[in-house]
Amino acid sequence: MTIYCIEKFKIQIEFLESRKQYKEIKKDISDYFHGKQIAQLCSGTRPNNSDVTPYIKKRINGSGGYRLYFLVLIKDNNIYLMFVHPKTGPEGSENITDEAKAEFYKIVLSSIQSQELYEVDTNNQTLTFTKVPMQAPKKK
Amino acid sequence: MSDVIFAEKISSVMQRVKTASFDEKKSQPTEEQVNRFLDAISSLRNFLNDKTTKLEKFTEGLEELSWMTGLNEEHLKSLSDLIGASRDLRRSLIKTYVRFNVKVKSRGIMVSEINGFKRSIDDFTETINDLESVYFYLPNNPEFIEITDRLSKL
């Protein structure tokens with residue numbers, strides 16, 4: 001299983017990590033994914049009603065923790081992290097709107113198509129981001 | 001002030017202290033009374049924790065319902081009824097929370113349990129709204145549907 005994220009997600013994580021209330025965010029997210037198979041990650045709420053490309057909203061660290069939105073491409077065994085927000089603290093917020101859910105969905109599709117992604121390593125109880133090299137366009 | 005007045009004043013305060021000391025010894029709560037009070041708090045705590053646990057299970061149940069595909073009109077009608085019933089339950093839970101908040105938490109008792117109960121109500125509410133969105137709003141968003149279709153063809 002390979003985990004990717006869109007650039008917006010990386011920026012968001014780095015911003016939250018810089019706030020003392022969320023300094024464990026990389027560990028919390030890493031702990032959720034590390035060592036799990038895709039089938040074990042298919043839980044939470046699924047907004048897009050798709051068995052092959054489930055869009056998942058997951059509660060991380062219980063009620064007062066985070067809400068994580070990610071996409072799974074089952075046939076490729078890939079996960080794409082799209083958005084995260086804390087429920088409490090200075091950056092805490094309520095549920096996101098359907099419009100916002102659609103917007104992240106649109107961004108992830110375009111990022112997959114353009115390969116503007118970061119590969120996310122969940123080892124060592126943290127998240128490490130590595131930019132995915134752009135592929136040369138296929139010759140006709 | 002004369003020595004006699006000083007002596008009377010001291011004696012008067014002394015008498016009040018002695019009386020208070022005697023009353024205090026007499027009015028100590030018995031072990032049984034203390035235990036009764038602690039049992040009542042413990043029972044209230046269990047009552048609320050049971051509610052919180054039950055509510056967390058409801059929330060997980062609602063989340064699981066978002067993973068169903070190929071639902072027909074009858075299923076959607078049942079889901080709509082379920083969402084309505086869940087909102088009724090939420091209203092009752094909020095009333096319970098307010099009662100606990102005013103009568104118990106405001107006195108510094110069971111603060112973390114009451115906060116936990118409130119968070120479980122918030123999660124339940126969030127999941128009801130999400131479930132409604134999954135089956136009744138997002139399927140009517142053409143752009144959202146189109147992205148799902150394009151992703152499945154990647």
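Start by selecting Glu7(A): setting aside neighbours within four places in sequence, the residues in contact with Glu7(A) are Glu116(A) and Tyr118(A). Contact here means that two C-beta atoms, placed from the backbone, lie within 7 Å.

Before going further, some housekeeping. This is a predicted model, where local features need pLDDT of at least 70 and side-chain atom pairs count only at pLDDT 80 or more, while totals for chains, interfaces and linings use all residues. Residues are numbered from 1 along each chain as its sequence is written, and chains are lettered from A and ligands numbered from 1 in the order in which they are written.

**Stay on Glu7(A)**

Glu7(A) lies in helix α1 (residues 7-17) of chain A. Helices (H or I, at least four residues) and strands (E, at least two) are DSSP runs, numbered from the N terminus. Is Glu7(A) exposed or partly exposed? It has 14 C-beta neighbours inside 10 Å, so Glu7(A) counts as partly exposed. For the cut-offs: a residue is buried if 20 or more other C-beta atoms lie within 10 Å of its own, exposed if 12 or fewer, and partly exposed in between, with C-beta atoms placed from the backbone. Now draw a distance to Leu73(A), 66 residues along the chain from Glu7(A): the two C-alpha atoms are separated by 18 Å.

**Select Tyr4(A) and follow the sheet**

Next, pick strand β1 (residues 2-5) of chain A. It pairs with β4(A) in the parallel sense over four bridges, and Tyr4(A) stands opposite Tyr80(A) in β4(A). Two strands pair if DSSP finds at least two bridges between them. β1(A) also pairs with β5(A), in the antiparallel sense over two bridges; there Tyr4(A) stands opposite Glu119(A).

Hop along to Glu119(A), whose bridge partner in β6(A) is Thr130(A). Strand β5 (residues 118-121) of chain A and β6(A) run antiparallel and are joined by four bridges.

Now show the whole sheet. In what order do the six strands of chain A come? The order is β2-β3-β4-β1-β5-β6, in an open sheet with mixed pairing. β2 (55-60) and β6 (128-131) of chain A are the edge strands, each pairing on one side only. On average, neighbouring strands of the sheet are turned by 35° against each other, direction ignored. Axes are lines fitted to C-alpha atoms, for helices over the stretch in contact, and angles run from 0 to 180 degrees between N-to-C directions.

**Zoom out to chain A**

Colour chain A by secondary structure and you get four helices and six strands. From the N terminus on, they run β-α-α-α-β-β-β-α-β-β. The radius of gyration of chain A is 15 Å, close to the 14 Å that the globule rule gives for 140 residues, so chain A is as compact as a globular protein of that length. That radius is taken over C-alpha atoms, and the rule is 2.2 Å times the number of residues to the power 0.38. Buried residues make up 36% of the 140 residues in chain A.

**Cross to the other chain**

Select the contacts between the chains: 22 residues of chain A are in contact with 25 residues of chain B. On the chain A side, α4(A) gives the largest share, six residues. That side has seven nonpolar, nine polar and six charged residues. Ala, Val, Leu, Ile, Met, Phe, Trp, Tyr, Cys and Pro count as nonpolar, Asp, Glu, Lys and Arg as charged, and the others, Gly among them, as polar.

**Finish on chain B**

Chain B has five helices and zero strands. Its C-alpha atoms fill a box of roughly 105 × 35 × 25 Å, taken along the principal axes. The radius of gyration of chain B is 30 Å, whereas a compact globule of 154 residues would be near 15 Å. Buried residues make up 16% of the 154 residues in chain B.

Last selection: helix α2 (residues 31-65) of chain B. Its 35 residues reach 51 Å from first C-alpha to last, close to the 51 Å expected at 1.5 Å a residue; the expected span is 1.5 Å times one less than the number of residues. Why does α2(B) lie largely in the open? Of its 35 residues, the number buried is three, so α2(B) lies largely in the open. The buried ones are Thr59(B), Leu62(B) and Glu63(B), and what covers them includes α3 (73-103) and α4 (111-137) of chain B.
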